[in-house]
Amino acid sequence: MSDYGRLFGRFDVESYFENENRKVLNTFNFRIFELLEQNQVFRDEEIRKLYDREREFELRMKSLPKIARQKEMERLVIDLSWKSSQIEGNTYSLLETEALLKDAREAKGKSKNEET
């Protein structure tokens, strides 16, 4: 797969890990910043799809009552915090992350270093 099409291309995780000849980077690919500056990360078709999805999202959000929009954004923040913290090795559960963010309540038996 080229640098293009990674967003909308099909990705089969199982076949990816079965392939022993896959290229694994040992360092971060800083070329991504060059591609971003040159606007070469996405093809025109992909950019149109992204804008279409953004418009669809905005229309759906506008049709929701204000409290529902607030709840959706709250859920998004909690989910993103939990997932990104997991990538960093955090062992908080989703519910523990929610309690930490909403109630400032640390999980019992967890290190201060594990906070989101």
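Me: Which residues are buried in helix 4?
Reply: This is a predicted model. In helix 4, the buried residues are Ile78, Ser81, Trp82 and Ser85.

Me: How wide an arc do they cover around the axis?
Reply: An arc of only 95°, which puts them on the same side of helix 4. In general, an α-helix has 3.6 residues a turn, so residues three or four places apart point the same way.

Me: And which exposed residues are on the face turned away from the buried side?
Reply: Leu80 and Ile87 are the exposed residues carried by that face of helix 4.

Me: What do the buried residues of helix 4 pack against?
Reply: They pack against helix 5, residues 94–103.

Me: What about helix 5, which of its residues are buried?
Reply: Thr97, Glu98, Ala99 and Leu100 are buried there. Helix 4 is part of what covers them.

Me: Back to helix 4. How far apart are its end C-alpha atoms, and what span should it have?
Reply: Helix 4 runs over residues 66–87, which is 22 residues, and at 1.5 Å a residue it should span 32 Å. The end C-alpha atoms are 32 Å apart, so the two values agree.

Me: What follows helix 4?
Reply: Glycine 89, with a positive phi near 100°.

Me: And what follows helix 5?
Reply: Alanine 104, whose phi is also positive, near 55°. Alanine 104 has that positive phi although it is not a glycine. As background, most residues other than glycine have a negative phi.

Me: Is alanine 104 buried or exposed?
Reply: Exposed, because its relative accessible area is 64%. Alanine 104 sits in the segment after helix 5.

Me: Switching to charges. How many salt bridges are in the whole structure?
Reply: A search of the whole structure gives eight salt bridges.

Me: Which residue forms a salt bridge with arginine 75?
Reply: Glutamate 98 does, with the closest N and O atoms 3.8 Å apart. That pair links distant parts of the chain, since arginine 75 is in helix 4 and glutamate 98 is in helix 5, 23 residues apart.

Me: Are those two side chains buried or exposed?
Reply: Arginine 75 counts as partly exposed, at 32% relative accessibility. Glutamate 98 has 18%, so it counts as buried. The cut-off for buried is under 20%.

Me: Where does lysine 102 lie relative to glutamate 98?
Reply: Both lie in helix 5, four residues apart, or about one turn of the helix. The side chains of glutamate 98 and lysine 102 form a salt bridge at 3.3 Å, N to O. Lysine 102 is partly exposed, with a relative accessible area of 41%.

Me: Which residues are linked in the network of salt bridges?
Reply: Glu74, Arg75, Asp79, Glu98 and Lys102.

Me: What about glutamate 45 and lysine 49, how far apart are they in helix 3?
Reply: They are four residues apart in helix 3, residues 44–63, so about one helical turn separates them. Glutamate 45 is partly exposed at 42% relative accessibility, and lysine 49 is partly exposed at 29%.

Me: Aromatics next. How many aromatic pairs does a search of the whole structure find?
Reply: One aromatic pair. Phenylalanine 28 and phenylalanine 30 have ring centres 5.0 Å apart and planes at 75°, so the pair is edge-to-face.

Me: Are phenylalanine 28 and phenylalanine 30 buried or exposed?
Reply: Both are exposed.

Me: Now the whole chain. How many helices and strands?
Reply: Five helices and zero strands. Along the sequence the pattern is α-α-α-α-α.

Me: What share of the residues is buried?
Reply: Buried residues make up 15% of the 116 residues in the protein chain.

Me: Last one, on contacts. What share comes from residues 24 or more positions apart?
Reply: Among contacts in the protein chain with a separation of 6 or more, residues 24 or more positions apart account for 35%.

Conventions
Residues numbered from 1 in each chain as written. Predicted model: local features only at pLDDT ≥ 70, side-chain atom pairs only at ≥ 80, totals over all residues. Heavy atoms only, no water. Helix = DSSP H or I, 4+ residues; strand = E, 2+ residues; numbered from the N terminus. Expected span 1.5 Å × (residues − 1). Buried < 20%, exposed > 50% of the residue type's maximum accessible area, 1.4 Å probe, protein only. Arc of directions from axis to C-beta. Contact = heavy atoms within 4.5 Å. Salt bridge = Lys/Arg side-chain N within 4 Å of Asp/Glu carboxyl O. Phe/Tyr/Trp six-rings, centres within 6.5 Å; stacked < 30°, edge-to-face > 60°.
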